[in-house]
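Please read it with the structure open.

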Amino acid sequence: MERHRNSVTSKSKSYRMSYRSSLGAAASRLGLTPALTGRRLDTRRRAPKSHNITEKVNPEQLALLTKTEWQLSYVTPLYRFRHTQLKSYSGQLSAFIAAGKQQGLAVEVFDPQTAFRVSFSVVQGMTESDDDADTVLIQIHSKPLFARQDEPQKTVWSGLLTCVNANPEYLRSLPEYFICLPLFGSSGAEGLTALVKSWFQQSFDCCFGPLEISHTSLQWLMALWTNCHTESSIQHLKMIWTLPAVPPLQVTYTVNPEDAWELWSSVRKTRDKRGGEEEENCIDIEEVTSFMQGLKSHFYRHFKLDLSAGSLNQVSTALGSAKSSGRMKISNSRYMITTLALLTECALFKMPI
Amino acid sequence: MDDSTKLFLQRFMRRIPSYMLRTTLEKWGRLTAAQQKSIDFTQSKWALTEALLTICEENKLAMKHLIELEMIYIMDNPNQGMWYVLQLLDPEDDAHSVELMQFKEQFKSHLKELVRHVSIKIKNHTDQAVWIRIAWGDAFSRPNHLKPTFGVHYLQTPYVFVTNLTSKQKPLLSQAVVLSTRYQAIKDANLSGRKLTAIRDLLMRKYQQVFPTKYPSPLAENNQTISNPHIVKEQAEPAANRLHMACKAFGGGALPQLQSAVYKLKTKFRDDPNKTMTEREEPFRCVVKFESTNLLESLRHCASSGIASTPVTPLLSCIPLKGRNYFVITDNDSGPSSQTHQPQN
């Protein structure tokens, strides 16, 4: 353990240095400053390709991924996390949770006498590039409180560790034995989430932190989802704003999907078709902000209320929903990869290294 | 007492909060003084229910007595459930001289003609309000007392407030009300809310509407933050103007507690920088819902603090002005149109 600690500290120092050198020092949050600072959110993105991952991914796992609302966190790279050791990790986490229960933690979820089972599984078929580590799903099964004797065990807690389309330079700059799975999602009781996180922190010397979805990311999601309307109908574009009045005023602004699509198309810049398909599929941040501005102006014209005075809390369409508190639901498996890529980027961006 | 009466009492006891029970029973007046004294109100609800059941059986009380009890409770606590407002139109010549007794008799007889099995109870409340409780049955079944409709009509006004009215029952109630009040038609007033007192006050302007014009400066804040005196001086007049216009639109003082307002917009998109959308013929369809614990206060605060530009847009000031909180806005008229809306039940 001692040796492990030392090697980690020395590795983390070299890791910090190599990371900095590969991506530039100062963090710029707005993403629009010129190229000196490297570390910023992309200002251009590829339009979401619909990936038919239903064929590549195990349907049970896919169902879990699309039906759950995940509470997101970022996690720093894991030291010596091996995808081959998942069975042993299940056992270790089980023991850790059992010890926690003995101490009286997480008793509100399932009573101390009930047996529970932890399973770690790999989700094959989600990675785009070879650099990305495979996604890992964690599930805790148990009989919930007040269940009858003959009721089968249900999943009471699920967790997700993933990395989609991370910056390859960054990945290659990581020291040996570090695995990057920066996006962590949890669904279930808070007590269990805390237990799982502390086990990870102890075993892999990593740090967790909350991942709020920023206003810019919410706008990106809005635009990216609306862009998909011709392929899969978004059914509605709903935004929830909170204005700082006394008492607070909540505004739910729902736009008809066809009209949202028309507005989106009207703000897209004409592109030079000679650039090829890749060029055509790119979306610039200016288009995203024009889209949002159009929606706000239409609102202002009617109500003389400036939505910029408030904050955007939630964006949802039939393809998924995202809340600024960091809760995310991806309802359509076709766009899962692209949405997770955006969130991976947010997680990497938010990491305090 | 038969089973359905017992069930009714049990349901009622589950619903009423314990602290209200004593006063409601006293107002009901069907328990003797000794019986009232004998009830230990500190018991659990279940025990209280049993005690009350025994007493009611002793007094040989029936359903018709119990529904009085329920009505007393609802009349004292009207701010629950969802209330919708209906408005009577085109009064006949004698509409204004309809008296209480006349209305009661007429309403009962008209509704009984329309619905074979129905149980109607009418009580008048203190402030010109007539409360109506209707338990609906049909040609084959007896009235269902577990899901009664409540209606409140203020004589001398064209308004009827209803709660728990299904879409099948609505035309029947409407017909009976129209005939008994001597009007010709009835429509949705497009106003709904959880608090009966709030929507009533909003509609009948029973709150301080006009802001006293002699108010010289913005209201003093409770927490005096240290602010730059130059800014304060510069902003004093615009702030006073905003406050004045906000209060002109919504009223000064305490405002009725509305929870939400919904606007269905079907207007053309107009944002001059965006030429493509401006030239588009079709409307830009969207729905905007405003929600707050006290919507009118939030909106007034938006106007006075500058979040909303003043003068307040007619779309928002329409809420207190016309007493509505559901609007369908099209390009045809400059203000909100008065299209009808079916309240969801």
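The text below takes the helix pair, then the interface. The model is predicted.

**Helix pair in chain A**

Helix α7 of chain A covers residues 257-267, and helix α9 of chain A covers residues 285-303. Their axes come within 9 Å and cross at roughly 135°. The crossing of α7(A) past α9(A) is right-handed.

On the α7(A) side, the residues in contact are A:A260, A:L263, A:W264 and A:V267. They meet A:E287, A:V288, A:S290, A:F291, A:G294 and A:L295 of α9(A). Sorted by class, this contact of α7(A) with α9(A) has 7 nonpolar, 2 polar and 1 charged residues.

**Interface of chain B and chain A**

The size of an interface is often given as the accessible area lost when the parts come together. Between chain B and chain A, about 2,900 Å² is buried, and carbon and sulfur atoms give 59% of that area. Of the area that chain B buries against chain A, 20% is supplied by B:F284, B:R285 and B:I307, more than by any other three residues.

The residues each chain brings to the contact are as follows.

| Chain | Residues in the contact |
|---|---|
| Chain B | 36 residues |
| Chain A | 34 residues |

How many salt bridges are found across the interface of chain B and chain A? There are 3 salt bridges. A salt bridge also joins A:D259 and B:R280, whose closest N and O atoms are 2.6 Å apart.

Notes
Residues are numbered from 1 along each chain as its sequence is written. Chains are lettered from A and ligands numbered from 1 in the order in which they are written. This is a predicted model: local features need pLDDT of at least 70, side-chain atom pairs count only at pLDDT 80 or more; totals for chains, interfaces and linings use all residues. Side-chain values use heavy atoms; hydrogens and water are left out. Axes are lines fitted to C-alpha atoms, for helices over the stretch in contact, and angles run from 0 to 180 degrees between N-to-C directions. Helices (H or I, at least four residues) and strands (E, at least two) are DSSP runs, numbered from the N terminus. A crossing is left-handed if the near helix is turned anticlockwise from the far one by less than a right angle, and right-handed if clockwise. Contact means heavy atoms within 4.5 Å. Ala, Val, Leu, Ile, Met, Phe, Trp, Tyr, Cys and Pro count as nonpolar, Asp, Glu, Lys and Arg as charged, and the others, Gly among them, as polar. Buried area is the accessible area (1.4 Å probe) that two parts lose on being put together, summed over both. A salt bridge is a side-chain nitrogen of Lys or Arg within 4 Å of a carboxyl oxygen of Asp or Glu.
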